[in-house]
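Me: Hi! Could you walk me through this one with me? I'll ask things as they come up.
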Amino acid sequence: MDADVFPPGFFAREDERTDRTFYGPPRFVTHIDDGAIAAVGDLYAELGIDGSADEPRRVLDLMSSWVSHLRTAPSELVVLGMNAAELDANPLATQRVLADLNEDPVLPFEDASFDAVLCCVSVDYLVRPVEVLREAARVLRPGAPLVLTFSNRLFPTKAVAGWLYADEPGRCTIAATYVRVAGGFDEPEVSLRTPSRRTYRGDPLYAVLARRSG
Ligand SMILES: C[S@@+](CC[C@H](N)C(=O)[O-])C[C@H]1O[C@@H](n2cnc3c(N)ncnc32)[C@H](O)[C@@H]1O
């Protein structure tokens, strides 16, 4: 099915070595500028998935590092990524999971056990994004949001070719298509969370938001 939607070579990468090689050394950096980081935090706060929520929230941050961009800590934050030192340094995390989603897209969590699944500036590195997002749907409670955010910066050798060579509107379409093909979500909403590209000189921040159906 995916082959009908994504042409041959779409998920090829210049660096096809195991991701453990590239992500072995920790990178204590931010991958987007302050304006884009603020836009991610605003979106999470607006959705009530940080510590500002009245009720307990169990949140999963996929492809995480030492920062999750939530303004305040949700009651539980599970961070999943490739680098142990980065995950250990994430001050909001209550659980840390080392996993390579390109080797095994299965999420090691119970069905319907999360109130939100996040993936910030990383969906472009997935070679099996549809399987990962199908898993995200499985672990989300009905009505709970999946939030994919991305900018125009990336590690070019690790991004999949289809994403790397797309323009910004094209990348929005790709991320929304991943969600639609995965299934289990209501229709995704695509938005630019930073000011208009005509006037704004900072990093753009796009969001694809979809709620678990049912
Ligand atoms: C550009 S960084 C973004 C980190 C963080 N989400 C942020 O907003 O700053 C990409 C992240 O994706 C994670 N990652 C890359 N490939 C992965 C894979 N195959 N499985 C799981 N995580 C992966 C890396 O550990 C890295 O932290």
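Me: Where is D203 found?
Reply: D203 is in the loop between β6 (189–192) and β7 (206–211). Strands here are DSSP E runs of at least two residues and helices are H or I runs of at least four, numbered from the N terminus. Keep in mind that this is a predicted model, where local features need pLDDT of at least 70, side-chain atom pairs count only at pLDDT 80 or more, and totals for chains, interfaces and linings use all residues. Residues are numbered from 1 along each chain as its sequence is written, and side-chain values use heavy atoms, with hydrogens and water left out.

Me: Why does D203 count as buried?
Reply: Because its relative accessibility is 12%; buried means under 20% relative accessible area, exposed over 50%, and partly exposed in between (1.4 Å probe, protein chains only).

Me: And what does the D203 side chain make a polar contact with?
Reply: With the side chain of R153, at 2.7 Å. The D203 side chain also reaches the backbone nitrogen of D33 at 2.8 Å. A polar contact is a pair of N or O atoms within 3.5 Å; within protein, one must be able to donate a hydrogen and the other to accept it, and residues adjacent in sequence count only if both atoms are side-chain atoms.

Me: Switching to the ligand: which residues come nearest?
Reply: D19, M63, H69, D100 and L101, out of 19 residues around the ligand. To be near, a residue needs a heavy atom within 4 Å.

Me: Which class has how many residues in that shell around the ligand?
Reply: Nine are nonpolar, seven polar and three charged. Ala, Val, Leu, Ile, Met, Phe, Trp, Tyr, Cys and Pro count as nonpolar, Asp, Glu, Lys and Arg as charged, and the others, Gly among them, as polar.

Me: What lies 2.8 Å from a nitrogen atom of the ligand?
Reply: A polar side-chain atom of D100. A ligand nitrogen is also 3.4 Å from a polar backbone atom of A99, and a ligand oxygen is 3.2 Å from a polar backbone atom of S64.

Me: OK, on to α5. How many of its residues are buried?
Reply: Eight of the eleven in α5 (residues 129–139), so the helix is mostly covered. Among the buried ones are P129, L133, E135 and V139.

Me: What about Y125, where is that?
Reply: Y125 sits in the loop between β4 (116–120) and α5. Y125 counts as buried because its relative accessibility is 7%.
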